[in-house]
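Hello,

Here is the structure I promised to hand over. Please open it alongside this note; my findings follow below.

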Amino acid sequence: MIRLIFGALLGVLTMLSWSEESVLAAKSHDLVISSGIEGGGYWSAASRLQAVAEGMGGSISNRSSAGSLANLEALADPHGPVNLAFAQADALEYFLYDSPDARSRINVMEYLGQECVFIVTKAGSDLRTDADLQQDSGFRLGIASHTSGVAVTFNNMTRRVPELSSVAVVYGETATAIEQLDSPAAALDALMVVHRPKEHSQEVDLVLGDPDSYRFLKISDNRLTDKSADGREVYRGMKLALPGQDDRGPSVVKTICVKGLLLVNPEKLTTSQQNLMTDIVNSHWGAVFATQ
């Protein structure tokens, strides 16, 4: 009898052990995406991706982050749980320049549409093109934060066009600073934002609403649109027709745009995870990231 009771208890304990191992195994096989600032565009897209995966019987954990570079670091880390990430194509180029050994651990799985560079200055400024910005004149360019995707974009542009290193970058709130550009006491000569062409921002909307006071800088240096070392397109030259707020028609902006990317670390994906992501990208991507 004692042997029977002991055997039964051993069986129960074994089943509990297997159950715990199964739970841990299931959790360890969850997909984890490093997205972006909570409430931001990438974070919101990751939340939609999470919902789509759950509807298909999968599981994705959405981790907020400081931005593209933080996402890439987490994705490339062989010991961390992150196996998916969002990042801009120029952030990927910038990251791999400093961490070339990480190249095999980062694959592009899907694209998230274009994000475009908008550099704004006052209408009477000496700055009209990116060639003017390259002059050794100490022009002051406003960027919201040194950890932002905008800062990464400008740093990568400077690697491609070294003359831009003469620009003095000033970090701080750009939505407020733009209204002071036309003042003699202005702390900036221009400011820069990066977002989707049809997305609204206070900086871009102010230019469109008051073209007599503000204008967009023309960006056309061919070095910016050269392909990367591995043959990929990072920046694309584009002419954007943005709707104005008066009867003068749309404002045409010649600039560069960069693709957003869904990236995976193939070394941290199981076959079932790969199949799930392939199904989502092929059949449900419109529910995650709508094209413009």
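The protein chain averages a pLDDT of 88, and 88% of the residues score at least 70. pLDDT is the predictor's confidence in each residue, from 0 to 100. This is a predicted model, in which local features need pLDDT of at least 70, side-chain atom pairs count only at pLDDT 80 or more, and totals for chains, interfaces and linings use all residues. Residues are numbered from 1 along each chain as its sequence is written, and side-chain values use heavy atoms, with hydrogens and water left out.

Over residues 3-28 pLDDT stays under 50. For that stretch the model has zero contacts beyond four places in sequence. A contact means heavy atoms within 4.5 Å.

Next, the overall make-up. The protein chain has ten helices and ten strands. These are DSSP runs, numbered from the N terminus: helices are H or I with at least four residues, strands E with at least two. Of the 292 residues, 43% count as buried. Buried means under 20% relative accessible area, exposed over 50%, partly exposed in between (1.4 Å probe, protein chains only). Among contacts with a separation of 6 or more, 76% join residues 24 or more positions apart.

Now the interior. In soluble globular proteins, nonpolar side chains tend to be buried together. A nonpolar core here is a set of buried Ala, Val, Leu, Ile, Met, Phe, Trp, Tyr and Cys residues joined through side-chain atoms within 4.5 Å. The largest one has 42 residues. Those with the most contacts inside it include Leu 72, Ile 106, Leu 141 and Leu 263. Elements giving it two or more residues include α3 (68-76), β4 (107-122) and β10 (251-264). Helix α4 supplies the largest share, six residues. Leu 141 touches Ile 119, Phe 154 and Met 192, among others, not counting residues up to four places away in sequence. Apart from this core lies another, of 23 residues, among them Ala 45, Ala 46, Leu 262 and Leu 276.

One last residue. Where is Asp 279 placed? Its place is in helix α9 (residues 271-283). Asp 279 is partly exposed, because its relative accessible area is 41%. Asp 279 touches Met 56 and His 284, leaving aside residues up to four places away in sequence.

Best wishes
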